[in-house]
Amino acid sequence: KAFKTDTSWDQAQGFVERLGETADQLGLGFGVKFSNTLIVENHRSFFPESEKEMYLSGPPLHVLASNLVDCFRQRFGDGYPISFSAGIDRKNFADAVAIGLTPITSCSDLLKTGGYSRASTYFRELDARMDRLGVNNIPDYIIKVYGHSEESLSQCGLAESDARLKACRQALENGESLREASGPELHATWLSRSKLINTLSYVEQANRDERYALLKNSKPPTKVGSMLELFDCLTCDKCIPVCPNDANFMLSIPPEQIHVKTLRLQDGNWTVEETGKLNLEKKHQIANFADFCNECGNCDIFCPEDGGPYVLKPRFFGSRQSFLQFSGHEGFYIERDAGGDTVL
Ligand code: SF4
Ligand code: SF4
């Protein structure tokens, strides 16, 4: 159903032709982005049965979106810049650069343990590949990265007698700047041809790569079957680094026994009654700063217990206003003034 109501490939080609033409007439740039999360049938047990659809992202989307880039380039060549966001991670970021995609954005991978710090590994990998090729700029990296530089040069329409051809070959052999050897105009054409050839190469490689295949991507997140409570849990701390907003944090409360006091309002007066004992057994507790949490649910995916840390762990608000505004789940707000502390 979703595919029937969504844009078809034929329609999309029409959009690009018309928008590209309009942008040209107005002297503006026009580009496309691949891709959005892909709507798929909810055929698993992780989400409730009542949800008929779910959204695919991460590695399987990467290979599908890369094929879409290939389709697009078969049709439009390198005529439009392509922004890419589909399953980018440390292992494929340098390839996305190699096929000339820009800007490249990442999401699913940064929601895993390590969070935003994972992005630094993307650049480490790209740096390492550039070092191996002896290049210090992205265009020369694109031209050389998959070993197609001669093939792409041969597609630039140069006569064998053209002096630039010899200069480019020499620069390739001696590891010199390709831009200087070719000049800006030829360099742009060479780069463009390289992006197209690299796309074919990379998509073939990605299609064969087992890490994008069903077998490597069919395991649902592990759950141990227990429900989270306000205090104590497996204390694996996974919910802390996977939060993109840094909303979950560790609360240092030493293991101890706490007397539970219940306040009751009777005839206009508060009474305090001891109603039990709470044993805190873990080395520390987990809490949530609700003002930072947008309830994306990512910590729930990674938490081995059920219920979601952002729902069941103590939620603290930074202001009375946010406490009142986001009252959908339980939470605390502690107000401190000269008269003492007020806990809401
Ligand atoms: S639900 Fe809240 S605490 Fe959990 S990952 Fe999302 S923003 Fe962070
Ligand atoms: S709330 Fe879940 S993810 Fe966080 S420490 Fe406890 S068991 Fe681990």
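Biologist: In which loop is Pro 103 found?

Modeller: This is a predicted model: local features need pLDDT of at least 70, side-chain atom pairs count only at pLDDT 80 or more, and totals for chains, interfaces and linings use all residues. Residues are numbered from 1 along each chain as its sequence is written, chains are lettered from A and ligands numbered from 1 in the order in which they are written, and side-chain values use heavy atoms, with hydrogens and water left out. Helices (H or I, at least four residues) and strands (E, at least two) are DSSP runs, numbered from the N terminus. On that scheme, Pro 103 is in the loop between α4 (93-98) and α5 (118-133).

Biologist: What is omega for the peptide bond that joins Thr 102 and Pro 103?

Modeller: Most peptide bonds are trans. The bond from Thr 102 to Pro 103 is cis, with an omega of about -5°.

Biologist: Which residue does a cis peptide bond join to Phe 34?

Modeller: Omega for that bond is about 0°.

Biologist: Asp 232 and Asp 246 have a positive phi. Is Asp 232 buried or exposed?

Modeller: Most residues other than glycine have a negative phi. Asp 232 has a phi of about 60° and lies in the loop between α10 and β5 (248-251). Buried means under 20% relative accessible area, exposed over 50%, and partly exposed in between (1.4 Å probe, protein chains only). At 16%, Asp 232 is therefore buried.

Biologist: And Asp 246, buried or exposed?

Modeller: Asp 246 is in the loop between α10 and β5. Its phi is about 55°. With 55% relative accessible area, Asp 246 is exposed.

Biologist: How many disulfides does a search of the whole structure find?

Modeller: A disulfide is a covalent bond between the sulfur atoms of two cysteines. The test here is a pair of cysteine sulfur atoms within 2.5 Å. For Cys 156, the closest cysteine sulfur is in Cys 168, at 7.9 Å, which is too far for a bond. The number of disulfides in the whole structure is zero.

Biologist: What is the relative accessibility of Cys 156?

Modeller: Cys 156 counts as buried. Cys 243 is buried too, with a relative accessible area of 15%. For Cys 156 the value is 14%.

Biologist: Which residues come nearest to ligand 1?

Modeller: A residue is near a molecule or strand if one of its heavy atoms lies within 4 Å of it. Ala, Val, Leu, Ile, Met, Phe, Trp, Tyr, Cys and Pro count as nonpolar, Asp, Glu, Lys and Arg as charged, and the others, Gly among them, as polar. The shell has seven nonpolar, six polar and one charged residues. Of its 14 residues, those nearest to ligand 1 are Cys 243, Cys 293, Cys 296, Gly 297 and Cys 299.

Biologist: Which residues come nearest to ligand 2?

Modeller: By class, that shell has nine nonpolar, one polar and three charged residues. Of the 13 residues around ligand 2, the nearest are Cys 233, Cys 236, Asp 237, Cys 239 and Cys 303.

Biologist: How is α3 oriented to α10?

Modeller: Axes are lines fitted to C-alpha atoms, for helices over the stretch in contact, and angles run from 0 to 180 degrees between N-to-C directions. The axes of α3 (residues 59-76) and α10 (residues 184-208) come within 10 Å and cross at roughly 150°. Angles under 35 degrees count as roughly parallel, over 145 as roughly antiparallel, 65 to 115 as roughly perpendicular and the rest as oblique. So α3 and α10 are roughly antiparallel.

Biologist: What is the handedness of the crossing of α2 and α3?

Modeller: The axes of α2 (residues 9-26) and α3 come within 12 Å and cross at roughly 55°, and the two helices are therefore oblique. A crossing is left-handed if the near helix is turned anticlockwise from the far one by less than a right angle, and right-handed if clockwise. The crossing of α3 and α10 is left-handed. That of α2 and α3 is right-handed.

Biologist: How far apart are the C-alpha atoms of Gly 147 and Ala 65?

Modeller: Gly 147 lies in the loop between α6 (138-144) and α7 (149-154). Gly 147 is exposed, at 60%. Along the chain, Gly 147 and Ala 65 are 82 residues apart. Their C-alpha separation is 24 Å.
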